[in-house]
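This report walks a new reader through a few local features of one model, beginning with a loop and ending with a ligand site.

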Amino acid sequence: MDSQTPSYLLHVGDADRERLEVLANIYNPGSQDFLRRQLAIPVSTLIDLGCGHGQMTCWMAKEFSQARVFGLDHSDEQLAICEQNQVAQDVPNVTFLRHDVLAPAQGIPEADAVYCRYVLLHLREWDTFFSNALALCKPGGSLLIEEPGFPFFCYPRHEALDRANILGQTLTSRMGLRFDCIDPLWGYVHALEGVRVKDYSFSQPILTTRYQKSLLWRSFAQIHQPLISMGLCTVQEADSIIGQLAYIGSDPLHVVGTLRMVQLHLEKV
Ligand SMILES: C[S@@+](CC[C@H](N)C(=O)[O-])C[C@H]1O[C@@H](n2cnc3c(N)ncnc32)[C@H](O)[C@@H]1O
């Protein structure tokens, strides 16, 4: 883990470059459809909270080219890769800033829409997150959220994936995190003051290529060390699971589904 981001379970920077590229390959088409459908044009300011390596941030800047787009993340290592991606894609209307979403924002303009994907499952403090995210929204603005529900699945079922799902759930719930986010988030946003649930949807990508299916072992590899240090499995078991997940990924007869995502459009009222 990055010394600046002690509370974040996963790797950052180069150590997570390939997994976030795979994730973008799988989820960006559905996320882009969602944002195109939900965002009334024109928009002048957009914010991507917990922007990772900035794939969606750069896409938003190209898609809404008249807008100023801010990508915020608390890890300098993530932001360094965002800036490389920005240069490679030549998108001038993006600013990447170091910012902890659990701290009040300073010097960041209010946005027509604040977007975040795959972030709430890493946070215990949802009240603080929502209070800060809504403060970044203009009145009548949008908070667009995409978060996953567990588990991964494959057909035919494989005991290694079942075990990986159980270990992932056990680890994250012991850490006070809600990796199976959809059910708690659904209840949470409907009880949240100051917002109206304007629209919602689900996406459930199916992984068809070996590259996409590598998300299984790449995701498990990121929790390998925490599982062992918390005594939830042995090194041998974790290594064996990674090997079997890689086998599932390479076997054309295994159909693999990644995590279902809820897509929420909250309007600030
Ligand atoms: C799984 S990644 C998702 C990245 C990106 N949203 C995407 O969908 O590709 C989660 C990101 O949230 C960031 N993050 C986690 N906790 C954060 C916090 N408190 N403040 C800002 N960023 C945070 C991490 O550094 C990481 O880049």
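Pro151 sits in the loop between β5 (137-149) and β6 (153-155), where helices (H or I, at least four residues) and strands (E, at least two) are DSSP runs numbered from the N terminus. The model is a predicted one, in which local features need pLDDT of at least 70 and side-chain atom pairs count only at pLDDT 80 or more, while totals for chains, interfaces and linings use all residues. Residues are numbered from 1 along each chain as its sequence is written, and side-chain values use heavy atoms, with hydrogens and water left out.

A cis peptide bond joins Phe150 to Pro151, with omega about 5°. Another cis peptide bond, with omega about -5°, links Tyr155 and Pro156, and Pro156 belongs to the loop between β6 and α5 (159-174). In the loop between α3 (76-89) and β3 (94-98) lies Asp90, whose phi is near 55°, a positive value in a residue other than glycine.

The axes of helix α7 (residues 210-229) and helix α8 (residues 235-250) come within 8 Å and cross at roughly 175°; axes are lines fitted to C-alpha atoms, for helices over the stretch in contact, and angles run from 0 to 180 degrees between N-to-C directions. The crossing therefore makes α7 roughly antiparallel to α8, a term for angles over 145 degrees. The residues of this contact (heavy atoms within 4.5 Å) divide into 12 nonpolar, three polar and three charged. In this grouping Ala, Val, Leu, Ile, Met, Phe, Trp, Tyr, Cys and Pro count as nonpolar, Asp, Glu, Lys and Arg as charged, and the others, Gly among them, as polar.

The ligand is surrounded by 16 residues, the closest being Gly50, Asp73, Gln78, Asp100 and Arg117, where a residue counts as near if one of its heavy atoms lies within 4 Å. By class, this shell has six nonpolar, six polar and four charged residues.

| Residue and part | Ligand atom | Distance |
|---|---|---|
| Gln78, side-chain N or O | oxygen | 2.8 Å |
| Val101, backbone N or O | nitrogen | 2.9 Å |
| Arg117, polar side-chain atom | oxygen | 2.7 Å |

The protein covers 97% of the 600 Å² of accessible area that the ligand has on its own, as computed by the Shrake-Rupley method with a 1.4 Å probe.

Note on methods: Polar contact = N/O pair within 3.5 Å; in protein donor to acceptor, adjacent residues only side chain to side chain. Parallel < 35°, antiparallel > 145°, perpendicular 65-115°, else oblique.
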